[in-house]
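The entries follow in the order in which I looked things up.

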Amino acid sequence: MKKLEYDLVVIGGGPAGLAAALEARKNGVKKILICERAPYLGGILQQCIHNGFGLQYFKEELTGPEYASRFIDAVEQSDIDVKLGTMVMEILEDKKIISVNREDGMFEIGTKALILAMGCRERTRGAITIPGSRPAGIMTAGTAQSYVNLEGLIPGKEVVILGSGDIGLIMARRLTLEGVNVKGVIELMPYSTGLIRNKVQCLDDFNIPLLLSHSIVEVHGKDRLEGVTIARVDQKLKPIHGTEQYISCDTLLLSVGLIPENELSSKLGCEIDTVTRGPVVNEKRITNIPWVFACGNVLHVHDLVDNVTQEAEIAGRAAADLINQAAAEVEKDVVIRHDQNIGYVVPQHIDALNNKEKTVKFFLRVKNPDEHVRLVVKDNFDQVLLNLKKTIVEPGTMVTFNLPRELVTKDTSSISISIAREQAE
Amino acid sequence: MEVTKLVCIGCPNGCGLTVEHSGKTIEKISDYGCKIGLEYAKNEFTEPKRIITTTVRVKAGDLPFVPVKTKDPVNKEKIFVVMKEISELEIESPVHVGDVIRSNIAGTGVDLVCTRNIKKVS
């Protein structure tokens, strides 16, 4: 078996992997390899041909492929090695990675550090258990996006979309532009889960109806999908008898959420957060395995690629510190807790004595939409470290805040974050 | 005075915007979060425009299609006219990000540009 040696291996050549590799290179790591499963770099950005990326990071609005090309160009101009069409099979405890591709066959890569940047995958029909037969024409919105944008294929003539996530909304517009009749978007929750700008520019612009508090109760058709029966749901999200209506369609797209792809990480022994479904990390994006870092959608599903890039740069710098032996040895672990209004917080713990960066950036998602709330951060002495006003919070949009390092001392053992409605004065 | 409510599509924040107007004359724009919102409200009230993104066939490229966009937003009413003209295009490889493949697409005064590099393969 062929054997290679690198200082840093990055699994995944999407936005997270590219930014992490570049940042590690910038911080002095010499031998870097990116392993990418697809035949090209850029990851899922390459099929996201719509605009709206990069406003935060580049201060200009780019399409997915344009955003990706900025990083791909930089990688191609650097001495970072890239292996395309390469699938990592297993990560071994002794810092070895078993991969396979057509050129090298099965091969082994030894490394000093590893960055996980495998991204996420879509939830499928199986994950949401829609009753009925199994005709052709039912697929995830991302699969349809790949058909249309990469292969130039149209998935059907009459489409219903289940789930108001951003990919579903974007595909409603994309298919409409290609002459497909998009009959409507069905959303289980009483609110749209995608960004409001996408509801405006993808649905309202083309008079595509959005049915909130509805679900699909049956699919019809044997060889090919012929229609779906939808029904209104009650507050417990159960279908209400008597509200059923039939919609004829030959295609059903599912835009019902994303799951971080952590089979490799789990098998290696990375501790996985049951809510984010990604590894548990500290603020440097180090997992419970000291030479393994994680960033991007493999860690938690982000709303904006700009946030992925920033997070990947944190992981890239931290991996460089480890490889350059510049990482602080003394560690004082501070656990991050949150109240029941918050779904999750990343990072899940921080190192109180790490003072390389002046602030720690936190990402969190709320469980339910709310308005005029206060985000309060306290330490284990019940001291208020931050008290921030948030006008609108919703599950579809990540809430971010920066905690100044100086507020975390050697005596801090835990930090708790809560979100609650503002008290009337 | 009439009031029209809009949602800004300038960034992911999606600010609600308020346009007060007498008929088609704007009297006052409020609730915008930044100058993108102010500009959007003006345009959206007078002449709504959108950037169109789609794909174009490529001959002998390492991929069969190249993603493209209108360099600037085009009049919303013209979206399907522009799509029709784009659907008839087929271009030669190689192409690079930013290459203009059709200027003044469908008479909108806006150029159609590539958004991905496509290499030529024999």
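**Entry 1: the parallel sheet**

I started with an open sheet of 5 strands in chain A, ordered β6-β3-β2-β10-β21 and paired in parallel. This is a predicted model, so I read every entry here as computed. At the edges I found β6 (81–83) and β21 (292–294) of chain A, each of which pairs on one side only. From one strand to the next the twist averages 20°.

I then looked at one pair inside this order. Strand β2 (residues 8–11) and strand β10 (residues 113–116) of chain A run parallel and are joined by 4 bridges. In that pair I noted A:V10 opposite A:I115 in β10(A). Next I checked what packs on the sheet: helix α8 (residues 305–323) of chain A does, and it touches β2, β10 and β21 of chain A. The direction of α8 makes about 170° with that of β10(A).

**Entry 2: an antiparallel run**

I moved on to strand β16 (residues 214–220) and strand β17 (residues 227–232) of chain A, which run antiparallel with 6 bridges between them. A:H220 stands opposite A:G227 in β17(A). The hairpin of β16(A) and β17(A) has 6 residues between the strands. Which residue there takes a positive phi? I found A:G221, with phi near 120°.

β17(A) is also joined to strand β18 (residues 245–248) of chain A, by 4 bridges and again antiparallel. I noted A:T229 with its bridge partner A:Y246 in β18(A). For reading side chains along such strands, I kept in mind that in a regular strand they alternate between the two faces of the sheet.

**Entry 3: chain A as a whole**

I counted 8 helices and 29 strands in chain A. The radius of gyration of chain A is 23 Å, close to the 22 Å that the globule rule gives for 425 residues, so chain A is as compact as a globular protein of that length. Its C-alpha trace spans about 65 × 65 × 40 Å along the principal axes. Of the 425 residues, 48% count as buried. I also looked at contacts in chain A with a separation of 6 or more: residues 24 or more positions apart account for 65% of them.

**Entry 4: A:K358**

I found A:K358 in the loop between β24 (349–351) and β25 (359–366) of chain A. Is A:K358 buried or exposed? A:K358 has 9 other C-beta atoms within 10 Å, and a residue counts as exposed at 12 or fewer, so A:K358 is exposed. Leaving aside neighbours within four places in sequence, I noted that A:K358 is in contact with A:P404 and A:R405. I also checked A:D321, which is 37 residues from A:K358 in sequence and 16 Å from it in space, C-alpha to C-alpha.

**Entry 5: where chain A meets chain B**

I listed 19 residues of chain A in contact with 20 residues of chain B. On the chain A side, the elements that give two or more residues are α2 (64–77), α4 (141–151) and α6 (196–203). The largest share, 4 residues, comes from α6(A). By type, the chain A side divides into 9 nonpolar, 7 polar and 3 charged residues.

**Entry 6: chain B**

I noted that chain B is divided into domain 1 (2–46) and domain 2 (53–114). The C-alpha centres of these two domains of chain B lie 29 Å apart.

How values were computed
Residues numbered from 1 in each chain as written. Chains lettered and ligands numbered in written order. Predicted model: local features only at pLDDT ≥ 70, side-chain atom pairs only at ≥ 80, totals over all residues. Rg over C-alpha atoms; globule rule 2.2 N^0.38 Å. Buried ≥ 20, exposed ≤ 12 C-beta atoms within 10 Å, placed from the backbone. Contact = placed C-beta atoms within 7 Å. Pairing = 2+ DSSP bridges. Nonpolar A, V, L, I, M, F, W, Y, C, P; charged D, E, K, R; others polar. Domains from an automatic or database assignment. Axes fitted to C-alpha atoms, helices over the stretch in contact; angles between N-to-C directions.
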